[in-house]
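Here is a walk through one chain. Keep the viewer open and follow along.

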Amino acid sequence: MELTENTGHPRRWAILGVLVVSLLVIVLDNTVLNVALRTLADPVHGLGASQGELEWSINSYTLVFAGLLFTFGVLGDRYGRKWFLLVGLAIFGLASLLSAYAQSPGQLIGARALMGFGAAAVMPVTLSIISNVFDPRERGRAIGVWAGAIGLGVAIGPVLGGLLLENYWWGSVFLINVPVVLIGLVAVALLVPDSRDPKPGRIDVVGVLLSVVGLVALSYGIIDGGEHGFNRPLIWASIVGGLAVLAAFVAWERRVEFPSLDVRLFRVPRFAAPVAVIGLVFFAAMGVMFFSAFYLQLVRGYSPLETGLLMLPFAVAQLVFAPRSATMVKRYGGRAVAVTGLALTSAALVAFAFATATTPIWIIGLIFFVQGVGMANIMPPATESIMSALPREKAGVGSAVSNTVRQVAGALGVAVLGSVLSGVYRDQIEPAARALPAPVRDAASESVSGAYAVAERLGGPAGSAVTSAANDAFVSAMHWASGISAVVAALGIVVVLRWLPGRNAEEQLLPPEPVGDPELVAA
């Protein structure tokens, strides 16, 4: 069957522009803060935040964001996506203002948590609105633009943060959100149509609560374990408890009449396989982004702004190739495009396993570019497959699932690969650390940042020896972490080849088949 009439909204491309701007400000904030941490720790120019307070200024946002993504996607379907977008943007803008003028680390942590609340309301509805305003024939291209915005935000966040910090005070990294949010609120109110599930059924209160508790507990265990180690009972209690609550959520959803998530969808390959691929890719990619920043700033000696600029090839690749991925899918099929993207991403991660302290910097830029091209050809077909498995009125569920998996997998990647990095680093630097005075031995062994601080205190030949040993240890640790991330990304190839259905151009023009109870998914 061929669709002849375009069922998309007349202003769909203008609406997409508004949604991309709304999404970009959310994603930017996830990365822009990283370059401000050193300033925030300064008692004169910042807030005098301790290491733990700096960690929670990031983690409070991530924890609330990850914990509420699924819930807000479901509630947006029920109560209206436009209004969730407006409320989420307003809360995010207000919280950004509060963050910019925080007078203490505690105030900043609280304001950041509120920003995570607003962001969790915005992100899932952007994708579900796209699914509702675009015809199936154009939806893949629109999702490609959406995915490109995520990649752009990740890459340009450090650049923007560096520029602001070189010219203004630390609060500017938050204050810049406010005018963007105000413009976004006006544009959303004027352009974006409201949409919701016409037959939502009764609200699944138990399911919603179980999902929040399970995701928050799991995310807390992963984040805090990654920061402070997984050798504490509290961390494993949080992780195992979170997984147990999520298992209870699945059991509940299987038996309730009006579930928040029809778990039978995971029996459908075109839904389950891309969800798994997104999780694997973001586990690998976010871990690499984490240690590559340390590699560029410490081992290679680049400033935060220069580091951000060196990551721009990733953003360029996302901007160029993500919007074109839909055309590639129509020509070659989603499976072929996803496998190619995964192969390129895996190759880039393998290349990091051979990078040294003297690798020409243009090669590092090329690696970022190849990784960007690969991910630009994974996310759009995977996301389109997830969204096409659901009718339009259930789009928020698909968006919430894919975004939640991406967020939790990214946090898990940073935690696990960061732990691998720390463990190998400590083993490699131990011989050099034994020769250091006792008061500084632990600091040099803990992290490459600590070793650089020790080297600065020692000065002279002794300091240079510590720096050299730390660089060698970190590069060795980076090789191990890169190798593991490449293996994880390569597992995605197996998932795609085994479970993702091949679809030709004609099949993509067909409307999705309903899944599950006809009453649940009826248009």
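Helices (H or I, at least four residues) and strands (E, at least two) are DSSP runs, numbered from the N terminus. This is a predicted model: local features need pLDDT of at least 70, side-chain atom pairs count only at pLDDT 80 or more, and totals for chains, interfaces and linings use all residues. Residues are numbered from 1 along each chain as its sequence is written, and side-chain values use heavy atoms, with hydrogens and water left out.

Start with the whole chain. The chain holds 23 helices and 0 strands. Of its 523 residues, 55% are buried. Buried means under 20% relative accessible area, exposed means over 50%, and partly exposed lies in between (1.4 Å probe, protein chains only). Accessible areas come from the Shrake-Rupley method with a 1.4 Å probe; for residues, only the protein chains shown count as cover. Take the contacts with a separation of 6 or more: residues 24 or more positions apart account for 82% of them. A contact here means heavy atoms within 4.5 Å.

Next, confidence. pLDDT is the predictor's confidence in each residue, from 0 to 100. The chain's mean pLDDT is 79, and 89% of its residues reach 70 or more. Over residues 504-523 the pLDDT is below 50; this stretch has 35 contacts in the model beyond near neighbours in sequence. Where pLDDT is low, the predicted coordinates should not be read in detail.

Now the surface. Which residues form a nonpolar patch there? They are Leu94, Leu97, Leu98, Tyr101, Leu114, Phe117, Tyr168 and Trp169, with about 770 Å² of accessible area together. Patches are made of residues with over 30% relative accessible area and no salt bridge; like charges are joined within 9 Å, nonpolar side chains (Val, Leu, Ile, Met, Phe, Trp, Tyr) within 5 Å. A salt bridge is a side-chain nitrogen of Lys or Arg within 4 Å of a carboxyl oxygen of Asp or Glu. Helices α4 (81-100) and α5 (105-133) each supply at least two residues of the patch. α4 gives the most, with 3 residues. Leucine 94 sits in α4. Its relative accessibility is 48%, so leucine 94 counts as partly exposed.

Move on to helix α20, residues 448-458. Its buried residues are Val448, Gly450, Ala451, Val454 and Ala455. They cover an arc of only 150° around the axis, which puts them on the same side of α20. The arc is that of the directions from the helix axis to the C-beta atoms. Glu456 and Arg457 are exposed on the other side of α20. Glycine 459 follows the helix, with a positive phi near 65°.

Helix α21 spans residues 460-499 and includes asparagine 471. Leaving aside neighbours within four places in sequence, valine 466 contacts Leu436, Ala451, Ala455 and Leu458. Valine 466 and alanine 432 are 34 residues apart in sequence, and their C-alpha atoms are 7.2 Å apart. Asparagine 471 is buried, at a relative accessible area of 12%. With neighbours within four places again set aside, asparagine 471 is in contact with Val299 and Tyr452.

Finish in helix α18 (residues 395-434), where glutamine 407 is found. Buried or exposed? Glutamine 407 is buried, with a relative accessible area of 15%. Its C-alpha atom is 8.4 Å from that of phenylalanine 65, 342 residues away along the chain.
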